[in-house]
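Visitor: Hi, could you walk me through this one? I'd like the definitions as we go.

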Amino acid sequence: MNTLPYHTAIGHTAVTPSSSVLQTGNTSELLRDTLRSLDADLQSRFATGAPVEQLLHERTTGVDEIVYRIFQLYLSPAADDLALSAVGGYGRCELHPYSDIDILILIRGADTKKYRRSIEQFIALLWDVGLPVSHSVRTPLQCADLAGTDLSIATNLMEARFLTGAADLFAQLQRHMASERLWPPRDFLLAKQQEQLRRHAKYHGTAYRLEPNIKEGPGGLRDIQMIGWVAQRQLHSSGVHSLVACGFLDADEYQALQNGQHFLWRVRFALHMLYGRREDRLLFDAQTRLAQQFGYLDTPANLAVEQFMQAYYRTVKQLNLLNEMLLQSLEEAILCNDLTPAIPLSECFEECGGFLRLRDPRVFQRRPKALLEIFRVLQQHSRLKGVGAETLRRLCASLDLIDDAFRASSEHRSLFMQILRAPRGVTHELRRMNRYGVLGRYLPALGKVVGRMQYDLFHTYTVDEHILFVVSNLRRFALTRYDHEFPLCSEIMQTLAKPELAYLAALFHDIAKGRGGDHSRLGAAEAEKFCLEHGLSRYDARLVSWLVRHHLLLSLTAQKKDIGDPRVVRDFAHHVGDQLHLDYLYVLTVADVRGTNPELWNSWKASLFRQLYLEASRALRQGLENPIDKDELIRETQSQAMSLLHARGFASEAVHKEWTAFSETYFLSHTADEIAWHTAGLRIHGMDDAPLVMLHPGDTRGGTAISICSGQDALIFARVTATLAELGLTVLDARLVPMTGGRRLDTYVVLEDNREPIVEAARLAEIADVVQHEAQRRNLPPHAVMRRAPRQVRLFTTTSEVEFAPNPFNGRTVLEIHTSDRPGLLSLIGEALADCNIRLWNAKITTVGERAEDVFFITDTDNQPFADAAMRMRLRTALLTRLGEVN
């Protein structure tokens, strides 16, 4: 096979191929084979560990050869009037296997008609040989005019590299781009800073995403390029290395920048190879495969993919910090006036140009306390824009001073607690401490989990980022300007005498993840020790420890137990012990769940947590030795429901007649609002044998309630849940209650895919019609659910687990199923229950990322719990068969 030779292009040197390039033949096939051969060679060498920067330059050179050959074929007669240039990543000589090929054709004069046909043929052949080309045709002056109004075009042209043609046209472009009138350094810096802020905002300001974008996300390749662009505009020299000569970077920082860039280049090169296309997102399926490719191995405590992603997150964290420091340094050089007088802020720090800086370069060595004091000063002077670049550099270079002796100092411990107790800036400075590496040094256990991810869909952030999000959520509860977001949490948090105890619990609640064992128990022990060392009373230290140890208690109880049963509430209240523990636990739980994955927080969870908190508060007020009697609770609920029905014009006699159809289970498991709604609907419906379908858009439980009154039907749960899944609804709860006369009343609480209740009348009518149709298909199997699980969910495989346990409160068997979440899952489970003649009373649905952790309260057909091993084995086999675990 004939191939073209490779030629090394350096800087703006024109491409000069060997004479073989000019040979004739089947050009398209020859060039296509050449490109394939080049890419195969580069990918083979990448797999054996060749330096990625060398591969990027060689691919650029190979593409240069092909582009030059095609230029010679179609545009050589116009070489005096056209200049061919590479821009963007192609201009930087950073071509990955499937990078776009960005080219600029400079033309002499604005009339392009003369060469339009030749240019079209040139571009068409580039595409034909396999090069994804993006091109523009302009005069140098047109380029300058566009660059003056469009920052992205200006940036692209700053990286232009001459390939071939009329060199004087390219020189004109360079002169235009070098003009001080075109984006002066000050304007360029300010505009680029705003551009970066907008770009980071698209990724929620954090690089710690489940599937990060290695190019555009914070700390990604674009941030490195940003440094180069600003430096080029300020220093009039290309390449980040010029920052070293000018004193903006030291040798170690430059090496860290280079190492980080090379790591990201390797990841990006591998992504292109893996997908056979341009891909800058580190998707879940790629994470596991790249971890293996890069040599990571599973350990008992950490999966290989978790180790690989921790290396990635720590790399982008360091790059993000370098980006911050360098841009700030350049900002000070461009914007700050050396004659601006410094304003003393403390013995160690002063303000200059809006930035905090050291009064003496050796402060950290002479007074290590300043490594914490700096954050306290920032809290006290919120007007400051940040830490000066040189001060930040010296802080990062002094982190080794935070050792065991530093952490043992009572003065330092007192200062850390002052930061936590400050009236403002707590979250902001804790985040800054983590970003600068101080928090991980002061709390070594937290330092170990910096960048640590959990390979699932439930935990959106790394452990350290999650911890700080929880603290941030707690702080919002403490500030009155956020009262409208979570009124009850705000009311509680603002009455707590020591909010710092909640912040400490947040700092430690997940700090022991990844060690093996129970992270709650391990973290609780560390929390108590830390609190005692930092001057807290023994009571307060034990309270923080208890919160860490039991930070999942409220969430699990609310989502997996029948909190309508007063005995469940009493048992929970007994574990909590008193109102103070309950108050702290409630605000910590809400902050924790919202900080784990904000997309999974919904009004239903909020309603469950609030209900359990209020019921437990009531139990504590009444006294654990005087538990709430279920008959008393039923009377209260009926009284409230009766008041609602009286307001709607229903007589007590008519209401009581309807209520005779229900057992006490119904009144314990439904709110007064639901009971009034059901009663009114049943009263209006009368004795009609047709199924009654009722929808309650504003259900007090935080979702949309769908209730179906029908005759006995073993498969109705399977049919209805299949229908709801096909409609794109998420089922959160199901309560199935038998009535007298062979009827039943089933209530489902659902949300739309966007985690919101259903409010549109047309949508409600659609749901009612479809559910009504399914309810009428008595004892018939459900239709197959055709909806597919989302892409991310399909990447995970969860081994199904089926567990049985007795329910000590209501004489039912608790069935808990852990399996892969999928559309129609509840329908499959419903069919298995029907296969085994099992009666379902209640279902509590919990989705944890890609996993379903659902709890079902069941009995046999005689309404008795079953302990028979053979029956349990039969049901387990039926379930696993339906779930695809048993053939």
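Guide: Happy to. Two strands count as paired if DSSP finds at least two bridges between them. Helices (H or I, at least four residues) and strands (E, at least two) are DSSP runs, numbered from the N terminus. This is a predicted model, where local features need pLDDT of at least 70, side-chain atom pairs count only at pLDDT 80 or more, and totals for chains, interfaces and linings use all residues. Residues are numbered from 1 along each chain as its sequence is written, and side-chain values use heavy atoms, with hydrogens and water left out.

Visitor: Great. In the hairpin of strand 16 and strand 17, which residue takes a positive phi?

Guide: Gly849, with a phi near 65°; the hairpin has 2 residues between the strands. Strand 16 (residues 847-848) pairs with strand 17 in the antiparallel sense over 2 bridges, and Val848 has Arg851 as its bridge partner.

Visitor: What else pairs with strand 17 in the antiparallel sense?

Guide: Strand 15 (residues 839-844) does, over 5 bridges, with Lys844 opposite Val855. Strand 14 (residues 813-820) also runs antiparallel to strand 17, joined by 8 bridges; there Ile817 is partnered with Asp854.

Visitor: And how many residues of strand 17 are buried?

Guide: 8 of its 9 residues (851-859) are buried, so strand 17 is largely enclosed by the rest of the structure. Buried means under 20% relative accessible area, exposed over 50% and partly exposed in between, using a 1.4 Å probe and protein chains only.

Visitor: Switching topic: which residues have the most contacts inside the largest nonpolar core?

Guide: Phe122, Leu131, Leu282, Leu474 and Tyr586, in a core of 212 residues. Helix 13 (residues 304-335) gives the largest share, 15 residues. Such a core is a set of buried Ala, Val, Leu, Ile, Met, Phe, Trp, Tyr and Cys residues joined through side-chain atoms within 4.5 Å.

Visitor: What does Phe122 touch?

Guide: Leaving aside neighbours within four places in sequence, Phe122 is in contact (heavy atoms within 4.5 Å) with residues including Val67, Phe71, Leu84 and Ile105.

Visitor: Back to helix 13: at what angle does it pack with helix 16?

Guide: About 145°, with the axes 8 Å apart. Axes are lines fitted to C-alpha atoms, for helices over the stretch in contact, and angles run from 0 to 180 degrees between N-to-C directions.

Visitor: Which residues meet there?

Guide: Among them are Leu321, Met325 and Glu332 from helix 13, and Leu392 and Arg393 from helix 16.
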